Every structure is written in C-alpha cells, then in structure tokens.
Amino acid sequence: MALVVTKAEFRNIRKELRAEGKKVVLCHGVFDLVHPGHIIHFEEAKKMGDVLVASVTAAKYVRKGPDRPYFGDEMRLKFLSSIAYIDYILLSEGFTVDDIIEAAEPDLYVKGSEYQAQEDDITGKIAGEIELVRKHGGEIAYTGGQVFSSTKLINHAFPSLSEEVKQFMKSFSDKYSLSEIRALAEKISGFKIAVIGDVIIDEYIYCNVQGLMSKDRGYSARYRYVEQYLGGSLAVARHIASFCDDVTLLSVVGKEEAVHSRMLDELGDKMRIDVTFSDVFETIIKTRYVSMNEKREELDKIFAVNNLPVYMRIDKPALDKFKEKIKEKIEQCDVVILCDFGHGLIDEEVMDLIQSKAKFLALNCQTNSSNYGKNLITKYKRADVFAIDQKELGLAFANYRLDEQELLQKLEKHLDCHGWLTQGSQGAVSIEDGEIKHCPAFVLKVKDTIGAGDAFFSIASLFAAAGASMEMGTFMGNIAGALATNIVGNKKGIDKVDVLKYASTLLNI
C-alpha cells in the first residue's frame with residue numbers, strides 16, 4: 001500500500017533514496033476518477049525506475065470548472081494509496097507541480113503521451129515544469145498506454161452535468177472543437193481594446209442576521225467584516241485583460257486617493273488605467289449587507305445602499321476631458337467594450353462619438369434600481385454586438401403583447417446587429433439574423449450572481465469580435481458566467497486558463 005506523506009517528510013525520504021542509489025519517478029495529475037489508463041500509466045512509469053511517487057493537485061487548485069474535482073483531496077489520495085505500483089503519494093498545493101518537483105527532485109518526470117505536444121497545453125505551464133525538473137538533474141519521459149479521460153467518464157457516469165447540458169454539448173461538440181476555440185483566443189490576444197464605462201466599487205459588509213428588531217420591522221445583525229471589490233467597468237476590463245495584453249480603461253472617478261491607489265495596485269500591471277479625475281463627482285460605491293452560509297458557501301443579500309446623487313450628472317470639465325481621451329484612443333482600438341451602467345457618464349455626445357468611431361462596438365446597457373426605466377438600450381442606434389438581460393429587454397420596448405423572442409428580434413433590427421439575452425439559471429440565447437439559439441446554464445450551484453452578467457458580456461463579446469459564431473459566443477459567455485457565480489462579488493477576475501480548461505471539460509462529453 002502506498003504511503004501518503006507530506007512534502008517535508010518526503011524531503012528526508014529522498015535523501016535516503018539518493019544514498020541508496022534509487023531512481024525516483026514522479027507522476028502528477030488530478031486523478032479525479034482512477035481508470036484503466038491510470039493503472040497502465042503507473043505500471044509503465046514504475047518500470048522506468050525504482051520508486052514511484054504520485055502527486056495529486058489539491059482541490060482548490062483544480063481548474064476544470066465549478067464542482068470539479070468531483071472527489072475531494074482525501075478520497076483521491078485514498079484511491080491512489082491502494083495501487084500497488086505507487087510507493088509514495090503527495091498533495092500538490094499550487095496550479096503547477098513545482099512544489100512537488102522541488103520536494104521530490106525526481107530523476108524522471110513521467111507524463112502521458114497526450115502531453116508530448118507542448119503547444120496543446122492550455123495552461124502553458126508544462127514547459128516550465130520540465131525546465132525545473134532538469135534544473136534538479138532529472139529528465140522528462142512519456143508513457144505510451146491507451147489514453148482514457150477521467151473528465152469524460154465523470155461527465156457521463158456521475159451527476160456532474162445536467163441532462164440538458166449533456167444533450168447540448170453533444171450537439172455543440174459536433175460543430176466546434178477546442179482547437180478552434182484556442183485559435184480564436186490566440187487571435188483575441190493581439191487585439192487593442194478600450195473598455196469605457198462607470199467605475200463602481202462594490203462594498204460587501206458581512207454580518208450575521210440575529211432576527212427582527214424588537215420594536216421595529218427591520219433586521220438586526222451583528223457586524224463581522226467588510227470587503228471592497230473593483231466592479232463596473234473595472235471588473236469587465238479585468239476579465240478582458242486575462243485574454244488580451246493591450247487593454248485601456250477609460251472612465252471618470254472622484255479624487256479619492258484610496259480608490260486610485262487600489263485601481264493601480266490591483267490592475268495597473270494588467271491594463272492601462274486612463275481615468276479622468278473630477279473635483280465634484282464621487283466615485284460610485286454600492287454597499288451590500290450580506291450574510292454568508294459558511295457550510296454551503298451561499299451568500300444572502302440583506303440590504304443595499306449607494307452614494308449615487310439624485311440627478312446623475314458628471315461635471316462638465318471632467319466630462320469634456322473624458323470625451324477628449326475617447327477621441328484620442330478610440331480609432332487606435334480594434335474593439336470598444338461599452339459598459340453603460342446609467343450613472344451619468346455616458347451622455348448623448350459620448351454615445352454618438354463611440355457609435356460613429358468604434359471599429360467594433362460591444363454594447364451593454366444596464367438597468368438597476370437607481371435608473372429603472374431610464375437607461376434603455378434602445379437609446380443607441382448602432383452596435384456590432386449587444387448583451388441584455390430579461391428585465392432590460394422587457395423595458396426596451398415596453399410592449400407586453402410581444403414575447404421574448406419577438407422583442408429580441410425587434411432589438412436586433414433596431415441596433416442592426418446580433419446579440420445575446422442572458423436568462424439567469426435558464427442560461428442564455430443568441431440571436432443572429434432573426435434565428436434564436438439557446439445554451440443552458442452550466443452550473444446551478446452558485447455563491448453570488450453579482451458580476452455574472454458582466455463576465456458573460458466580456459468574454460462573449462471578445463469571441464464575437466474575433467469572428468466566432470454567436471452560438472460559440474454564447475457558449476464561451478456562459479462558461480465565464482458560470483465561473484463568475486462561484487466568485488463572491490468581483491473579488492477577482494475570470495482567468496483565461498480557467499475558461500479554456502472548463503471549455504475542454506464540457507467538450508469532453
């Protein structure tokens with residue numbers, strides 16, 4: 001039976017093995033479901049040396065999408081411990097296997113034959129792992145056994161995907177491949193992109209609800225802690241910057257030093273932040289009082305406040321300077337991502353400027369409690385692609401006689417472009433020349449839905465700009481939305497590797 005040890009313990013074991021002249025072989029993976037391919041892999045690897053070490057990626061570093069790995073760390077370690085070919089098992093705590101290579105210093109790092117073509121590596125990390133192995137005096141080797149897929153087996157045999165998603169993916173995978181998606185992602189990486197829209201600071205005040213007040217009808221809660229996340233156009237730009245190296249954010253903010261410092265600290269190395277400072281306007285802060293169910297990792301929103309003025313106007317000097325920056329930048333860009341949150345930044349002149357000058361315009365015009373019924377997407381005359389939710393679509397034409405499909409077709413004609421309708425837990429639909437196609441939601445277990453729509457819009461728009469079909473744009477947008485629902489607020493952005501890995505998981509059906 002294989003022995004599960006810590007990295008520190010194995011460092012001492014490694015000294016003894018080296019003194020004995022034993023050749024150490026390392027195999028690494030997620031090993032979510034042990035199958036015949038793994039057994040053959042371990043058998044061949046053991047024949048290459050004297051001692052076989054297997055390392056397992058800890059669950060929080062697995063990048064195969066929500067609800068993966070299917071089995072937790074303890075169970076996956078237990079699977080491997082019963083395999084006779086393995087001598088030692090270690091848990092890897094990182095997105096790469098570097099920590100294990102440093103501890104094990106293997107003479108051979110053994111991968112399956114499917115890893116020989118390094119250009120197929122979505123993470124782009126294997127080359128670095130091989131270099132680290134060689135730095136410690138080891139070498140890379142490959143087994144040649146039949147290739148199986150834990151992901152495919154889990155997708156079919158376990159309740160990890162709904163039947164609706166399985167049926168959708170069977171049809172989708174007949175038309176599209178991961179190599180096609182990766183080619184489009186590579187094209188996106190060369191774009192010059194401007195993100196224009198309101199900067200919003202999302203503040204989450206975490207508390208425990210104790211009950212109703214004794215003499216009033218409001219909630220009584222015990223304060224726990226507070227966190228602030230960069231939201232609005234900042235969140236959209238961060239999602240996009242994971243796919244593209246040349247991203248510029250254009251917006252107007254107040255003169256709060258803490259806000260500016262935070263933007264530079266968190267995003268300065270990912271994009272150009274070209275904001276205009278206003279002496280009058282305050283940076284928008286939306287505060288939500290929330291309660292977290294720690295066991296189920298679900299977030300309940302109790303109450304919300306914001307600092308938005310009654311009349312949402314930005315002072316003329318700041319707005320004029322903002323417009324000049326748009327004029328200077330917009331014609332240099334391949335894609336303009338317009339995030340109109342309806343808080344006074346995008347006036348008619350800005351709208352006309354962007355609509356007339358943008359080479360490719362992706363439009364999102366949002367409805368919220370502060371601008372309800374006043375920030376309609378129909379105020380725009382042109383875009384190249386749009387994204388809207390069900391409430392926003394219903395308000396756009398205020399015609400209760402038309403169903404969603406008819407409203408969406410009407411909006412496509414109005415803007416003279418294709419687009420998407422996001423439908424929450426039902427997924428999303430695309431419209432292209434009047435034809436509507438549905439894509440189901442890929443995950444129903446969520447932590448927080450705030451920011452999911454922005455993530456969908458960001459990634460779907462990028463793929464549309466790269467020439468993807470609207471159907472593929474929906475697929476990629478839904479992946480981004482699914483990943484975002486498992487992030488609290490806009491605590492972090494959607495990562496390109498996570499998106500591509502999840503696409504690989506879903507296509508492996």
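I began with how accessible Glu471 is: at 11% relative accessibility, Glu471 counts as buried (buried means under 20% relative accessible area, exposed over 50%, partly exposed in between, with a 1.4 Å probe and protein chains only). A note before going on: this is a predicted model, where local features need pLDDT of at least 70, side-chain atom pairs count only at pLDDT 80 or more, and totals for chains, interfaces and linings use all residues. Residues are numbered from 1 along each chain as its sequence is written, and side-chain values use heavy atoms, with hydrogens and water left out.

I then placed Glu471 in helix α16 (residues 470–484); helices (H or I, at least four residues) and strands (E, at least two) are DSSP runs numbered from the N terminus. Beyond residues up to four places away in sequence, I found Glu471 touching Phe172, Lys175, Tyr176, Ser430 and Lys437, where contact means heavy atoms within 4.5 Å.

My last stop was Asp300, which I found in strand β13 (residues 298–306). At 47% relative accessibility, Asp300 counts as partly exposed. Leaving aside neighbours within four places in sequence, I saw Asp300 in contact with Tyr289, Val290 and Ser291.
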